[in-house]
Amino acid sequence: MKTTLSISVAAALCATSAMAETPTLNVMTYDSFVSDWGPGPAVEAAFEEICNCDLVFTGAGDGAALLARLQLEGKGSDADVVLGLDTNLTAAARATGLFAPHGVSAELDLPISWDDAEFLPFDWGYFAFVGNAGEDAATSLKALAESDAKILIQDPRSSTPGLGLLMWVKAAYGDEAADVWAALADNIVTVTPGWSEAYGLFLEGEADAVLSYTTSPAYHLIAEEDDSKVAWAFDEGHYMQVEVAGKLAGTDQPELADQFLAFMVSDGFQSIIPTTNWMYPAKLPAEGLPAGFETLVTPNKALLLSSDAAAAARDGALEEWRAALSQ
């Protein structure tokens with residue numbers, strides 16, 4: 001009995017010691033990334049195979065909500081890495097002074113050049129309105145505003161697609177943006193906090209189209225063998241989103257954070273992105289893109305404001321949006 005007890009105590013002490021020696025990397029991201037169908041579970045399993053660590057993802061709402069939470073937590077944040085900001089938010093994120101250089105040197109497969117010491121891309125795509133095949137599709141934002149189509153969009157204060165739509169209208173129409181929003185207002189069924197809520201309502205038949213991505217139909221085609229969803233191609237072009245991650249300067253796991261960011265642009269991470277986050281990988285994996293991606297809409301023009309220009313335009317664009325929707 002005494003011997004058995006001693007062995008049990010020794011085993012417990014060994015287990016406790018092993019747990020204490022296993023470092024934890026905390027990554028703050030958006031909710032859909034950590035969902036059962038998102039990239040999170042596969043990324044966690046793949047990274048833990050090589051890091052001798054515990055990778056913990058924390059969902060913090062939609063993409064734009066990440067920045068708000070980080071600004072609230074400041075230097076007291078438990079996060080080591082923030083994953084899920086985009087170029088419309090990086091200027092504001094940089095201004096917090098909370099991020100450190102990522103130190104990763106990698107050749108990326110983006111449609112734009114990239115040179116940012118603090119924020120590293122992990123995927124990219126184009127915003128689009130997604131509707132049902134065979135139904136009337138608008139051919140521009142103005143045509144959409146002049147139509148009877150009912151649409152679902154996301155709140156630009158909490159959602160990166162919602163903010164992306166503001167930048168899309170601003171980049172395409174400049175000083176006419178307020179008029180475009182005034183015309184679009186009666187097409188909008190509702191504004192949701194995040195992408196998941198809006199897309200779910202669309203799939204339930206609550207609207208003719210939803211603000212999403214040109215890559216969204218790939219999910220239905222590849223995962224469900226359903227070709228009934230299409231992205232509407234707009235004549236004025238489509239606004240681009242580049243999603244990024246950054247290391248917090250206050251991390252107590254700097255080497256592990258560096259290892260994760262380097263892993264993020266490797267095949268082990270990038271090969272997961274196309275069929276879980278349903279976006280284009282920032283670095284094309286060795287096997288290329290899955291069959292079905294070749295069927296997607298290719299915008300005739302890519303629209304993108306620089307991070308500084310997006311930051312400068314945000315408040316005015318948000319006020320135009322608010323004014324239009326309050327009528």
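Analyst: Here is a walk through the pocket, then the parts around it.

A word on the ground rules comes first. This is a predicted model, in which local features need a pLDDT of at least 70 and side-chain atom pairs count only at pLDDT 80 or more, while totals for chains, interfaces and linings use all residues. Residues are numbered from 1 along each chain as its sequence is written, and side-chain values use heavy atoms, with hydrogens and water left out.

The pLDDT, the predictor's confidence in each residue on a scale from 0 to 100, averages 92 over the chain, and 94% of the residues score at least 70. Residues 1–7 have a pLDDT below 50, and this stretch has zero contacts in the model beyond near neighbours in sequence; a contact here means heavy atoms within 4.5 Å.

Now to the pocket. Rolling a probe the size of a water molecule over the atoms shows where empty space is left. The search uses a 1 Å grid over the protein atoms alone and a 1.4 Å probe; a pocket is an open set of points with protein on both sides within 12 Å along at least five of seven lines, and a lining residue has an atom within 4 Å of a point. Grid points are joined across faces, edges and corners, and the volume is the space filled by probe spheres set on the points. The largest pocket found in this way has a volume of about 480 Å³. It is lined by 23 residues, of which Ser32, Trp37, Trp195, Asn277 and Trp278 are the closest to its centre. Helix H7 (160–173), helix H9 (195–203) and helix H10 (216–223) are the elements that give two or more residues to the lining. Helices (H or I, at least four residues) and strands (E, at least two) are DSSP runs, numbered from the N terminus. H9 gives the largest share of the lining, five residues.

Where does the pocket lie? The chain is divided into domain 1 (7–124 + 242–281) and domain 2 (126–240 + 299–325), with bounds that come from an automatic or database domain assignment. Both domains give residues to the lining, so the largest pocket lies between them. The centres of the two domains, taken over C-alpha atoms, are 27 Å apart. Across the divide, 20 residues of domain 1 are in contact with 27 residues of domain 2.

Trp278, one of the residues closest to the pocket centre, sits in the loop between helix H12 (267–270) and strand E11 (280–281). With a relative accessible area of 11%, Trp278 is buried; buried means under 20%, exposed over 50%, and partly exposed in between, with a 1.4 Å probe and protein chains only. Its phi is near 55°, a positive value in a residue other than glycine. Most residues other than glycine have a negative phi.

In H9 we find Glu197, which counts as partly exposed because its relative accessibility is 39%. In H10 the buried residues are Ser216, Pro217, Ala218 and His220. They pack against strand E5 (120–132), H9, strand E8 (209–213) and strand E9 (229–231).

Strand E8 holds Ser212, which counts as buried at 0% relative accessibility. Leaving aside neighbours within four places in sequence, Ser212 is in contact with Tyr126, Phe127, Ala128, Val130, Trp195 and Tyr199. Trp195 in that list is also among the residues closest to the pocket centre. Ser212 and Tyr199 are 13 residues apart in sequence, and their C-alpha atoms are 7.6 Å apart.

Last, look just after H10, at Glu225. Glu225 is in the loop between H10 and E9, and its phi is near 50°, again a positive value in a residue other than glycine. Is Glu225 buried or exposed? Glu225 counts as exposed, at 73% relative accessibility.
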